Amino acid sequence: MSRPDEFNGQVQRLFSVAVLGGLFLTLPASALDLLLTNGKVYTVNSAQPWVEAIGVEDGSIRFLGNSEQAQALFDQAERVIDLNGHLVLPGLHDVHMHPLEAGNPAAAACSLRIGMNPEREIGNLRRCAKYQLGAGWASDWVLGWGYSIFDVLSTDRPPVEILDQAIPDKPALMMDFTSHSMWANSLALQAAGIDEHTKNPAGGVIVKDLETGQPNGILVDNVGNMVMEYAFAPTEKGLNLAYQGVLKMLPRLASNGLTSIVDARSYWTRKHHEVWQKLADENRLTARVVLSLWAYPDKDESQIEILKKLYRNDPDSLLRMSQIKVYMDGVVDNTTAAMKTPYLEDLGWVVGNRGLNYFDEARLTRYIEELESAGFDFNIHAIGDRAVHEALNAIESADRINGQIDGEANGENKDRRHRLTHLEIVDDIDIPRFKALNVIADFQVAGDGSFPEVYSEAETLIGEKAHNPIPIRSIHDSGAVVTLSSDFDVSTMNPFVAMQHALTRGAESLETLSDVIEAYTINGAYLMRHEDKTGSIELGKFADLVVVDQNLFEISVESISDTKVLLTLLAGKEVYRSPEFPGFQ
């Protein structure tokens, strides 16, 4: 089991007593708000792994027992749900997703696709530009998403000319499906002040014509993000669109059984945090949300003080701003993931051809030193083996420095919960360091491209390293805490797809279904620092619960992805109910 022992069953051991052969909290007698009975409840608590009935009062679990014991409580319950044998799980945690960006209707009016021919998309681009501008959306930028960078690299003429032909009179910016490159027209480049003299910023590449030196319209990694800042300069209309987008996204979270999420890239200069705060202030959130505030690689370190002022960690609030998002590198596809050895192909973008750094090791160390003392945990994007190694080095260095400052032996008493996310290529020598440094390993395997047999196509870029990607089992078996998440909307947010994929990865499959469920429940709760309140079904914890249509423990692994959510409860409150699920008795 990968979750730390210290929170395994504590609530039940400390606060429960036997009543009617079941378990009740020792609280003043009062009616239950809700009683769920006749189910198969998997608690993710080794002290009591299975029960049949759950009693809820004031949003918290007050009774656990079997259906016979629950029968005696019917008269005390305001509402009763007969689960009819269905499986109940703790509320699921997706600790890496992008619901605000995905839900914003102004973010991608132009829908593109992998494998497109840019020359044949001119008509489509003209139509979507007319639609976006005619709808009066937040800015006069035309935005889109969905293609592969190699679709625009393969054109006979500079990509900027194609986009200029399609959209000549407004700045236009199209994001590839990985979000790690942009396709810009001339007006977008001009708006950002990019020309033949502009140098590459930290973590980014302005691709230029080899003969003329002029930008060809392809902006790789961070430079694309920098231009996007102009497109998303906050306005009242733009923030309202983002607000409406998240509001529409919340029911999707609930229908997928997600009761806790991390918005993994919250751009504070675009006021994403204010959008979430408005929803929280209006009591419209239907999930527990933690924001990972974006650390800009191109900004002066004065942003550290701004981030400190944004820190929010009220344990009674559904919204917390308690993580920092840092990119160490890019992605393998465009040779910007930071690798220990050079890529086998050189696209001519990066000196040394070993990928790039948004943050280098020294600067990340500095940020961790400063911001973990303010309470922040770090959410670190690391895909290549060099990025993983350097990120672990930075955490270790900051651990040692802060430990000395605090008068502790190497900081060993610190409750650090930094995590590395993606982890596609990891050197064997770095695997035991996750456990040693208490670094959480966060994996995304919902996308088909994460399968070893598909990932092996990267052999042309990284050789043999492509044949053992995403080492979930290796890091899990080392004793480190492992989480699974979606990276929605790069992949589906459906957690049952990711669960199935985590069990069908050959040598790097997690061993048991229990391991997979822990990665989506109690381990996610640990990462979000609320494992004392949710993540497992135990007395005293919130009644964050999910009822599904099939028992995952009794079906084939290949059928897990077909699972449908029937009911989702947040602190005992219904936030989603399938039309197929009956109401209260």
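1. The model is predicted: local features need pLDDT of at least 70, side-chain atom pairs count only at pLDDT 80 or more, and totals for chains, interfaces and linings use all residues. Residues are numbered from 1 along each chain as its sequence is written, and side-chain values use heavy atoms, with hydrogens and water left out.

2. Helix α10 spans residues 272-281, and its buried residues are His272, His273, Val275, Trp276, Leu279 and Ala280. Buried means under 20% relative accessible area, with a 1.4 Å probe and protein chains only. Helices (H or I, at least four residues) and strands (E, at least two) are DSSP runs, numbered from the N terminus. The six residues lie on the same side of α10 because they cover an arc of only 160° around the axis, the arc being that of the directions from the helix axis to the C-beta atoms.

3. The buried residues of α10 pack against α3, α9, β17, β18, α11 and β19, where contact means heavy atoms within 4.5 Å. Just after α10, asparagine 283 has a positive phi of about 55°.

4. An open sheet of six strands has the order β5-β4-β9-β24-β25-β26, with mixed pairing. Two strands pair if DSSP finds at least two bridges between them. At the edges are β5 (50-51) and β26 (573-577), each pairing on one side only. Strand β25 (residues 565-570) runs antiparallel to β26 and is joined to β26 by four bridges; in one of these strands, β26, tyrosine 576 is the bridge partner of threonine 568.

5. The largest nonpolar core has 117 residues, of which Leu125, Met174, Trp183, Trp276, Leu420, Phe434 and Leu484 touch the most other members. Such a core is a set of buried Ala, Val, Leu, Ile, Met, Phe, Trp, Tyr and Cys residues joined through side-chain atoms within 4.5 Å. Helix α13 (residues 385-405) gives the largest share, seven residues. A second, separate core of 20 residues includes Val41, Ile54, Ile61 and Leu567.

6. Phenylalanine 434 touches residues including Val388, Leu392, Leu420, Ile440 and Ile475, not counting residues up to four places away in sequence.

7. The structure holds one cavity of 30 Å³ or more. On a 1 Å grid over the protein atoms alone, a cavity is a set of points where a 1.4 Å probe fits but cannot get out; lining residues have an atom within 4 Å of a point. The largest cavity has about 40 Å³ of space. Its lining includes Tyr311, Arg320, Asp377 and Arg529, and β19 supplies the largest share of that lining, three residues.

How values were computed. Buried < 20%, exposed > 50% of the residue type's maximum accessible area, 1.4 Å probe, protein only. 1 Å grid on protein atoms, 1.4 Å probe; cavity = no way out; pocket = protein on both sides within 12 Å on 5 of 7 lines; lining within 4 Å. Points joined across faces, edges and corners; volume = space filled by probe spheres on them.
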